[in-house]
Amino acid sequence: MPDTAASKRFTVPIGPQHPALKEPGHFEFTVDGEIVTNAYVRLGYAHRGIEKAAESRNWVQNLYLLERVCGICSHIHGFAYSLAVERLANIEAPPRAQAIRVIVAELERIHSHLLWMGVSAHEAGFDTLFMYSWRDRETIMDVLEGLTGNRVNYSANVLGGVKFDVTPTQADIIRKGLTFLEERTKHYLDVIMHDTMFLQRTRGIGVMTRSQAEVMGALGPTARASNVQRDLRVEAPYAAYKDFPVQMVLDTRGDLEARFEVRINELFESYRLINQILDNLPEGELNVRVPRRIPAGEMIVRLEAPRGEVFYFIKSNGTDKLERLKVRTPTICNMTSVVRLSVGHQLADVPMILAGIDPCFSCNDRTVQIRQADGGAQPNGLSSLMSWEELRQYAIRKYEAR
Amino acid sequence: MKRFFTMLPDITRSLFRRPVTENYPAVQSETPERLRGALKWDPSTCTGCGLCVMDCPAEALELTVLDRKAKRFVMVYHVDRCTFCGQCVMSCKQGSIVMNNQSWELAALDRNSFATIFGAPEDVKEALANKPEDGAAKSE
């Protein structure tokens with residue numbers, strides 16, 4: 001934190017281990033009385049080295065490693081990776097498989113948004129909404145378990161298609177679950193739009209204008225609540241979204257209330273889309289064969305996860321293992337807005353502003369840069385970066401010198 | 001129009017309802033048909049190709065091929081390493097591997113009980129002779 005006049009005021013450190021945060025992240029809020037005057041965030045406490053680990057596994061094994069990048073949106077990572085590998089191998093999954101992938105992706109969006117609604121209601125102190133929305137979320141968890149065989153890491157994807165079919169019986173179970181949830185979601189929309197005490201925590205809090213959202217590179221529902229038309233399902237439709245278009249949900253207000261409304265209205269859109277796909281499910285195969293060695297090349301895939309855009313870069317060198325993988329999840333793009341929007345608000349509003357972007361800390365912790373201890377030898381005043389080999393040699397020297 | 005206590009009807013209704021939580025383990029709900037539990041392996045259809053071992057992301061499978069023609073295979077399945085992804089079921093062209101939706105209560109106090117050995121008893125004996133570290137594992 002820079003040593004300015006602002007930092008001489010009282011600073012409230014939060015994290016990395018803190019009962020209010022479920023995942024490790026360090027925040028420092030400089031406060032003047034109750035008002036936040038400066039904010040600072042430091043991430044990277046949950047870096048797991050997944051990208052490096054992916055280089056030592058084969059193409060099939062990586063599918064399950066990457067599904068574990070995020071526990072909430074696990075399907076979208078498997079989906080993005082499968083799409084990238086299929087495009088590199090010049091293969092297209094059969095239409096039925098693509099439709100089933102989209103069904104699972106939308107079911108996952110419903111589960112993620114309901115989970116988020118509960119968490120942020122809890123941050124606002126509205127535990128009744130938290131309890132009841134999580135009770136109803138069990139409906140979608142049961143649907144996912146019945147459809148895919150697991151509640152969390154669904155493993156729906158396989159390179160070249162999907163693992164399972166959606167039978168008419170399964171479709172009826174999904175429809176029944178969605179009908180129940182639609183009624184409940186209408187009730188929750190009514191609650192978040194009209195509850196006096198809850199509105200005091202959301203209305204006019206953390207307002208992000210459209211230009212701010214564009215400058216800070218906000219993504220997903222956070223950006224759409226500020227009227228930024230950014231939804232890859234609409235802008236660059238992939239898989240079955242080409243045949244089953246989605247209506248983008250937008251709001252102009254940009255405050256926390258708008259973020260709640262955008263996410264809840266997206267639920268209705270997901271219910272409609274799943275029902276539409278179930279009624280018009282394409283016939284055909286579930287998967288096609290993918291070679292064990294993927295042709296050399298580079299591929300970029302962008303998909304719309306529940307929190308925003310997920311970015312995958314894959315480089316293949318023609319063997320049965322990938323050469324380089326880069327994953328970027330939406331939280332890292334939205335984190336800037338937390339730091340900017342907290343300033344000027346009461347400290348008590350900060351947890352709500354943080355929860356408003358639907359953060360997922362361990363998803364975004366990915367890159368580590370280690371600098372040499374050469375005290376700013378570079379022309380830009382920074383110390384030079386340590387390469388992988390230099391780091392390895394450094395570790396060996398340190399080990400031997402014990 | 002702002003209102004107070006918007007969720008009061010939910011709370012009132014819940015007062016007269018039973019809890020939604022399941023009374024496990026006293027009452028066990030039905031497991032979904034597709035639930036991925038511990039796997040079962042059938043040596044009679046196995047060809048010993050080893051694709052399941054190659055594709056397993058958790059290195060939970062070990063296949064020892066004693067005699068491919070006589071179909072003498074021994075499979076060691078480490079249920080504690082298994083992530084229940086079902087890739088082995090997809091990779092097996094012969095359908096020798098199935099995941100049992102009934103066996104999901106897999107907690108145990110003894111570490112050795114997590115390795116399940118499939119195969120004919122004499123094959124298991126021969127295979128284990130070369131792998132003494134798995135000697136304590138239970139046989140099925």
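This is a predicted model: local features need pLDDT of at least 70, side-chain atom pairs count only at pLDDT 80 or more; totals for chains, interfaces and linings use all residues.

Colleague: Is Met335(A) buried or exposed?

Modeller: Buried, as 20 other C-beta atoms lie within 10 Å. The cut-off for buried is 20 or more. There's also Phe361(A), which is 26 residues apart from Met335(A) along the chain, with 9.7 Å between the two C-alpha atoms.

Colleague: Let's switch to helix packing. How do H4(A) and H5(A) cross?

Modeller: Their axes come within 8 Å and cross at roughly 160°. Angles over 145 degrees count as roughly antiparallel, so that's what H4(A) is to H5(A). The crossing is left-handed.

Colleague: Which residues meet there, between H4(A) and H5(A)?

Modeller: From H4(A), they include Leu107(A), Ile110(A), Leu114(A) and Met117(A). They meet a set in H5(A) that includes Leu129(A), Phe130(A), Ile140(A) and Leu144(A). By class, the contact of H4(A) with H5(A) has 14 nonpolar, five polar and three charged residues.

Colleague: What about H4(A) and H11(A), how do those cross?

Modeller: Helix H4 of chain A spans residues 95-123 and helix H11 of chain A spans residues 256-279; their axes come within 9 Å and cross at roughly 155°. That makes H4(A) roughly antiparallel to H11(A), and H4(A) passes H11(A) in a left-handed crossing.

Colleague: Who's in that contact of H4(A) with H11(A)?

Modeller: On the H4(A) side, Val102(A), Ile103(A), His113(A) and Trp116(A) are among them, and on the H11(A) side, Leu267(A), Ser270(A) and Ile274(A) are among them. Sorted by class, the contact of H4(A) with H11(A) has twelve nonpolar, two polar and four charged residues.

Colleague: Back to H5(A). At what angle do H5(A) and H6(A) pack?

Modeller: About 165°, with the axes of H5(A) and H6(A) 10 Å apart. H5(A) is therefore roughly antiparallel to H6(A), and H5(A) passes H6(A) in a left-handed crossing. Residues such as Thr139(A) and Val143(A) in H5(A) are part of that contact, as are Phe180(A) and Tyr188(A) in H6(A).

Colleague: Now the two chains. How many residues of chain A are in contact with chain B?

Modeller: 24 residues of chain A, and they contact 21 residues of chain B. On the chain A side, H2 (59-67), H5 (127-148), H6 (168-194) and H7 (196-202) each supply at least two residues. H5(A) gives the largest share, seven residues. The chain A side divides into nine nonpolar, nine polar and six charged residues.

Colleague: Last one, over in chain B. Which residues of H4(B) are buried?

Modeller: Helix H4 of chain B, residues 121-129, has Asp123(B), Val124(B) and Ala127(B) buried. Seen down the axis of H4(B), these fall within an arc of 100°, so they line one face of the helix.

Colleague: And what's on the face of H4(B) turned away from the buried side?

Modeller: That face carries the exposed residues Pro121(B), Glu122(B), Lys125(B) and Ala129(B).

Note on methods: Residues are numbered from 1 along each chain as its sequence is written. Chains are lettered from A and ligands numbered from 1 in the order in which they are written. Two residues are in contact if their C-beta atoms, placed from the backbone, lie within 7 Å. Helices (H or I, at least four residues) and strands (E, at least two) are DSSP runs, numbered from the N terminus. Ala, Val, Leu, Ile, Met, Phe, Trp, Tyr, Cys and Pro count as nonpolar, Asp, Glu, Lys and Arg as charged, and the others, Gly among them, as polar. A residue is buried if 20 or more other C-beta atoms lie within 10 Å of its own, exposed if 12 or fewer, and partly exposed in between; C-beta atoms are placed from the backbone. The arc is that of the directions from the helix axis to the C-beta atoms. Axes are lines fitted to C-alpha atoms, for helices over the stretch in contact, and angles run from 0 to 180 degrees between N-to-C directions. Angles under 35 degrees count as roughly parallel, over 145 as roughly antiparallel, 65 to 115 as roughly perpendicular and the rest as oblique. A crossing is left-handed if the near helix is turned anticlockwise from the far one by less than a right angle, and right-handed if clockwise.
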